[in-house]
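The sequence and the model come before the details.

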Amino acid sequence: MATDFQKVQDWFSSRVESVSGDPYARRNGSKFKLSSVPLTTIEDPSSLQHLLYNVWIESAPNTGLNRGRDTIDERDGTIWIEARVLVQFTFHLRVRTQVESQRLAGHAAAAVVRGIMGAQSQLELDAFGCISADLVDGMRPSLTPDGHWVLIEQEYIAGFDLMVRPPTC
């Protein structure tokens, strides 16, 4: 079953949202929430909320297995893509316990990795199609200039079939 770029991002988002935010909560009912703006360490108040996350595809190179028109899989009209997917989330560092908060942010990063990679015991065949995820970098932290927030970045490679033309019978 072929998928597309948006389905890949949606799959990663669903996996991040499956992670409980309770161990990292600053208030009752804290959970990972999809951001409507790009996340950055430059202080933009709309992007600085605890456990706010974003997912996007940085690049989606063809693997080389199906570069030309003559090499498209005739059965299903697909080519195999290995996209670089960036997952980011923000974490508030408490003023008097910043080192402890940074460690807790590391635990949250590990939980997100488990949420994404734990779904990979088998390739999932569902509404998203068939997507495999490989972890490249599980934690690239960067602090805001005031030291009150950390932005955690993770990088994955998502392999999936991209439909480029209708299948033939």
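What percentage of the 169 residues of the protein chain count as buried? The share is 44%, where buried means under 20% relative accessible area, exposed means over 50%, and partly exposed lies in between (1.4 Å probe, protein chains only).

## Basis of the values

The model is predicted: local features need pLDDT of at least 70, side-chain atom pairs count only at pLDDT 80 or more, and totals for chains, interfaces and linings use all residues. Residues are numbered from 1 along each chain as its sequence is written, and side-chain values use heavy atoms, with hydrogens and water left out.

## Fold and surface

Two helices and six strands make up the secondary structure elements of the protein chain. Both kinds are DSSP runs numbered from the N terminus: helices are H or I with at least four residues, strands are E with at least two. The order from the N terminus is α-β-β-β-α-β-β-β.

Contacts (heavy atoms within 4.5 Å) can be sorted by sequence separation. Among those between residues at least 6 apart in sequence, 68% join residues at least 24 apart. The accessible surface of the protein chain is about 9,100 Å², and carbon and sulfur atoms account for 52% of this area. Accessible areas come from the Shrake-Rupley method with a 1.4 Å probe; for residues, only the protein chains shown count as cover.

## Nonpolar core

In soluble globular proteins, nonpolar side chains tend to be buried together. A nonpolar core is here a set of buried Ala, Val, Leu, Ile, Met, Phe, Trp, Tyr and Cys residues joined through side-chain atoms within 4.5 Å. The largest such core has 34 residues, and the members that touch the most other members are Phe12, Val85, Val87, Phe89, Phe91 and Ile116. At least two residues of this core come from each of H1, strand E2 (52-59), E3, helix H2 (98-117), E5 and E6.

Which residues does Val87 contact, leaving aside its neighbours within four places in sequence? The list is Phe12, Val16, Asn54, Val55, Val112, Ile116, Ile152, Glu153, Gln154 and Tyr156.

## Aromatic pairs

Searching the whole structure gives four aromatic pairs. Rings of Phe, Tyr and Trp (its six-membered ring) pair if their centres lie within 6.5 Å; planes under 30 degrees apart count as stacked, over 60 as edge-to-face and the rest as tilted. Phe12 and Tyr156 make a tilted pair, with 5.5 Å centre to centre and 55° between the planes. This pair links distant parts of the chain, since Phe12 is in helix H1 (residues 5-17) and Tyr156 in strand E6 (residues 149-163), 144 residues apart. Phe12 has a relative accessible area of 0% and is therefore buried; Tyr156 is also buried, at 0%.

Phe32 and Phe89 make an edge-to-face pair, with 5.5 Å centre to centre and 85° between the planes. This pair too links distant parts of the chain: Phe32 is in the loop between H1 and strand E1 (33-34), and Phe89 is in strand E3 (residues 78-92), 57 residues apart. Phe32 is buried because its relative accessibility is 3%, and Phe89 is buried at 1%. Trp11, Phe12 and Tyr156 belong to one aromatic cluster.

## Salt bridges

Side chains of opposite charge can pair when their charged atoms come close. With a salt bridge taken as a side-chain nitrogen of Lys or Arg within 4 Å of a carboxyl oxygen of Asp or Glu, the count is four. One of them joins Arg84 and Glu155, at 2.8 Å from N to O. Arg84 in strand E3 and Glu155 in strand E6 are 71 residues apart, and the pair links distant parts of the chain. Arg84 is partly exposed, with a relative accessible area of 30%, whereas Glu155 counts as buried at 10%.

Arg140 and Glu153 form a salt bridge at 3.5 Å, N to O. Arg140 lies in strand E5 (residues 129-143) and Glu153 in strand E6, so this pair ties together parts that are 13 residues apart in sequence. Arg140 counts as partly exposed because its relative accessibility is 26%. Arg140 also forms a salt bridge with Glu155, at 3.2 Å, N to O. A network of salt bridges links Arg84, Asp137, Arg140, Glu153 and Glu155.
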